Amino acid sequence: MYLSACTDDTPTEGNGNPSPFFSVSALPPVVVSSSSPGIMSLKGPHAAHELQPHGEVSVNQSLFCFEPTSSVTSSGVFAGDDPLKFYFPLLLIHVCVVFLLSRGIHAVLLRRFNFPLVISQILAGVLLGPSFLGKALPHAGELFATPEGWILINTVGGYAFMLQIFVIGVKTDLGMIAKSGKKAIAIAILGTASPHISMYAAGVLLRARVPDSWTRTLMLTNLNAWWSLTAFIVVCCTLDDLNLLSSKIGRLAMSSALIGDFANTFCIAGVTSYILASSPSEKLQRIGVASCVSFASFIAFMALAARPAILRLIRDVPEGALLTEARLVAVLLVTVACSLAGEVLGLHATYGPFMLGLMLPGGAPLGVTMAERLDRLVAGVLTPLLFAQCGMRIDVYKITDASTCLLLLVFLIVGVVAKFVACILPCLYCRMPVQEAVVLGLMMNFKGITESVFASAFMDSKVLDEQVYAVFMITVLVLGATTASVVKSLYHPEEKYVAHRRRTVEHKKPGEELRPVPTSPLAIYLLHLAPLAGLTSSVLRPFKHGDRNCVPSGGTDSARIVNAFGFFATHQPQPGAVSLLPFVCIAPYATMHDDVCAVALEKRASLIVVPFHQRLAIDGSVESTTPAAAGAVQAANANVLAYAPCSVAILVDRGSLVSVVSSSGGDAAAQHRVAVYFLGGPDDREALALAAHMAEDGPTALAVFRFVLPPEWRRSNSITNDGASEEEEEEEERRMDEEAVKEFVGKWVDDHRVTYSEDVVTGSDEMVGVIRRTSTEFNLLVVGRRAESAESPLTAGISDWSEHMELGVLGDLLTSTDFGCRVSTLVVQQQTKAAAGETAFSSSSRTRSTEKQQQQRSDAHV
């Protein structure tokens with residue numbers, strides 16, 4: 001593309017001075033299908049016939065002209081300038097309006113239906129285009145339909161899209177192809193070939209109805225090529241919006257899409273080169289050979305020159321550190337050079353950066369730096385301009401020929417159905433559940449990003465007219481929104497965590513792992529949880545000393561955590577009493593519980609212990625353990641509580657345990673002092689059983705305080721969680737409480753090291769007074785969360801003031817700053833009935849409940 005000044009027939013302004021016009025021209029494209037979309041479309045809506053060119057802009061056969069201003073920026077309204085007539089203010093208003101409108105649509109309306117963010121961005125463009133704003137307020141609509149604005153949107157949005165493609169390539173782990181197996185390969189091949197063949201067959205059968213304009217522009221050939229492809233970037237971004245990146249089916253869909261992208265790219269390149277090389281024309285033969293050689297040379301350049309250069313830049317980056325500004329700029333310059341080289345050779349601007357990104361290692365430091373420095377600006381602010389532009393070009397009033405529109409829909413539906421059927425057949429053959437196979441078929445039909453950009457590019461090439469473009473884009477919007485929404489409603493990965501048996505400390509059989517003795521060792525499966533940064537899929541692997549482990553902070557944090565637990569395991573009085581198996585888990589906060597619950601289910605764990613998201617600072621105040629993601633960590637803990645296939649305990653560390661260990665050397669029998677506050681219910685019984693195991697071995701003193709109401713106050717009826725009066729249920733709970741306490745007293749209480757007392761209290765004030773008076777004598781307080789227990793008169797007065805619902809009433813009271821307790825607290829929740837498969841309360845109901853809580857937290861955070 002080149003820029004030249006036109007001097008012939010130059011018009012004059014009102015003052016008689018010549019006003020220059022510029023001519024931007026480019027070679028018309030060869031209409032050949034490609035796996036990389038064209039994005040540099042410069043044609044504004046209706047620009048070709050609304051403006052009469054003196055000088056002209058020619059891009060992909062689309063013509064329009066404009067008179068540029070003499071300056072990029074204005075002097076302001078007080079100098080008599082209209083800022084919106086200048087390039088830079090026009091760009092700024094496009095960025096602001098598109099960002100606010102798309103985010104507003106998504107937050108207020110579409111997010112609750114689980115629509116992808118790109119759908120909101122395209123709809124924002126539709127509202128600003130001729131379909132809505134241009135029709136209702138023509139003068140306001142002209143602001144978003146100027147040629148100057150379109151050039152700015154395409155230039156800035158195109159560059160941002162190129163960087164986003166590079167970042168996604170860096171985050172992508174090519175190892176998923178090797179790990180995918182035959183099923184993913186079969187899905188990729190059948191899912192790409194089947195719609196190709198089906199749409200071609202439909203074209204042959206309906207060739208008599210195909211308009212001449214479609215035949216002239218080879219529209220069906222190009223439509224077949226890009227509609228049959230499942231683009232990896234579409235699948236990856238949509239699964240990220242749905243928080244399904246780390247799910248089993250999500251990983252399978254991404255692997256299949258990546259394999260299909262690679263196969264499609266090299267097949268098209270090979271077939272195109274072969275067709276040209278076998279042509280009888282010597283000129284075409286030379287073009288075919290040259291294209292094959294240039295393609296191979298381009299790949300070799302990135303593999304042998306660009307990749308080593310970037311690896312050299314990140315080689316000596318300290319562990320846990322990000323790339324410096326100079327190194328980041330150098331990486332971006334290499335990326336731009338690859339994009340430019342691809343454009344020179346006839347490839348698309350995004351092809352080189354994506355291939356280069358795939359060749360580079362994800363995670364820390366490169367992937368993390370890209371995610372930290374570029375994601376918010378590129379993907380959050382600038383790239384939406386490109387998708388909004390695709391929506392601005394939609395003019396629903398151009399849809400006038402019903403037969404043509406119906407014919408196009410037939411081809412599109414045939415391709416979608418063929419891909420859906422072809423993708424679920426290998427799944428059913430491999431004995432995958434029907435529901436999961438259907439979900440995978442829907443995932444492989446995700447649409448949005450690449451389809452919109454393809455359509456805009458082919459509209460510039462006159463392959464699509466305005467009517468076909470409008471129908472096609474409406475189909476993309478409907479299909480992209482419905483498939484994502486249906487997938488989210490059908491697929492709940494948490495359903496697999498139902499254990500179908502009791503895995504609790506209370507119900508543990510004698511001899512099962514929990515006691516730290518050689519005959520019954522304590523098996524610790526340690527997971528260092530790190531947020532997903534710089535990668536597209538989660539990582540769960542054994543910890544390796546001396547390895548960066550792909551975590552954002554390198555391997556330092558992991559090594560320190562593993563060494564601490566290793567010290568505990570090796571310094572037991574009896575060798576071999578504790579075994580340690582450390583893992584590194586890298587996942588998004590929203591799905592971090594998936595890996596935790598999966599490991600617990602696979603290892604048949606009886607208890608999961610997670611840290612609270614707040615800790616006590618040096619000055620006595622409460623601070624977040626992760627200031628940048630406190631709400632996300634809290635939500636992750638809540639998800640573990642909701643879906644865990646065993647019991648869960650949240651440890652609120654106040655430093656009291658550390659001081660006990662460090663001050664050892666006195667009386668061994670008083671090294672650890674543990675108190676249990678017992679009100680009744682399954683969680684309190686689990687807390688009692690866990691504390692009993694603490695006192696079973698080692699120098700641990702245990703005191704149990706049971707709070708009971710006066711006999712005359714005890715109600716015969718109670719309101720259960722379902723809102724119904726269930727006298728029998730409460731009587732059963734009371735019987736189980738009495739049996740648990742009786743067994744504990746008879747087995748453990750010696751009135752010396754293990755004590756038990758009952759406190760008759762008439763309300764929450766008296767109970768809190770007992771806790772306040774006794775809690776300072778201990779190093780660890782153990783309470784039940786009371787998640788499935790009925791509301792007690794002892795907690796009714798303080799439950800309304802609870803701040804952290806994941807800690808329950810007593811746990812929140814003990815950890816609050818107003819209470820002033822500086823003792824570590826362990827809040828225990830027994831495995832729920834739903835997680836044990838003992839109730840009709842479905843996992844999907846739990847999923848909806850937890851999603852609602854997450855939504856409320858997210859809204860509060862925003």
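Me: Before we start, what makes a helix crossing left-handed or right-handed?

Reply: A crossing is left-handed if the near helix is turned anticlockwise from the far one by less than a right angle, and right-handed if clockwise. The model here is predicted, so local features need pLDDT of at least 70 and side-chain atom pairs pLDDT 80 or more, while totals for chains, interfaces and linings use all residues. Residues are numbered from 1 along each chain as its sequence is written, and side-chain values use heavy atoms, leaving out hydrogens and water.

Me: Thanks! Which hand does the crossing of α12 and α14 have?

Reply: The crossing of α12 and α14 is right-handed. Helices are DSSP runs of H or I with at least four residues, numbered from the N terminus.

Me: What makes α12 oblique to α14?

Reply: The axes of α12 (residues 282-314) and α14 (residues 351-359) come within 10 Å and cross at roughly 50 degrees. Axes are lines fitted to C-alpha atoms over the stretch in contact, with angles from 0 to 180 degrees between N-to-C directions. Under 35 degrees counts as roughly parallel, over 145 as roughly antiparallel, 65 to 115 as roughly perpendicular and the rest as oblique. That makes α12 oblique to α14.

Me: And why is α10 called roughly antiparallel to α11?

Reply: The axes of α10 (residues 232-241) and α11 (residues 248-277) cross at roughly 160 degrees and come within 8 Å, so α10 is roughly antiparallel to α11. Their crossing is left-handed. In contact (heavy atoms within 4.5 Å), F232, V235, C236 and L239 of α10 meet residues of α11 including G250 and A253.

Me: Why is C237 called buried?

Reply: Buried means under 20% relative accessible area, exposed over 50%, and partly exposed in between (1.4 Å probe, protein chains only). C237 has 18%, so C237 is buried. C390, at 1%, therefore counts as buried too.

Me: What is in the largest nonpolar core?

Reply: A nonpolar core is a set of buried Ala, Val, Leu, Ile, Met, Phe, Trp, Tyr and Cys residues joined through side-chain atoms within 4.5 Å. The largest one has 111 residues, and L223, M443 and F472 have the most contacts inside it. Helix α20 (residues 466-490) gives the largest share of this core, 12 residues.

Terms used
Helix = DSSP H or I, 4+ residues; strand = E, 2+ residues; numbered from the N terminus.
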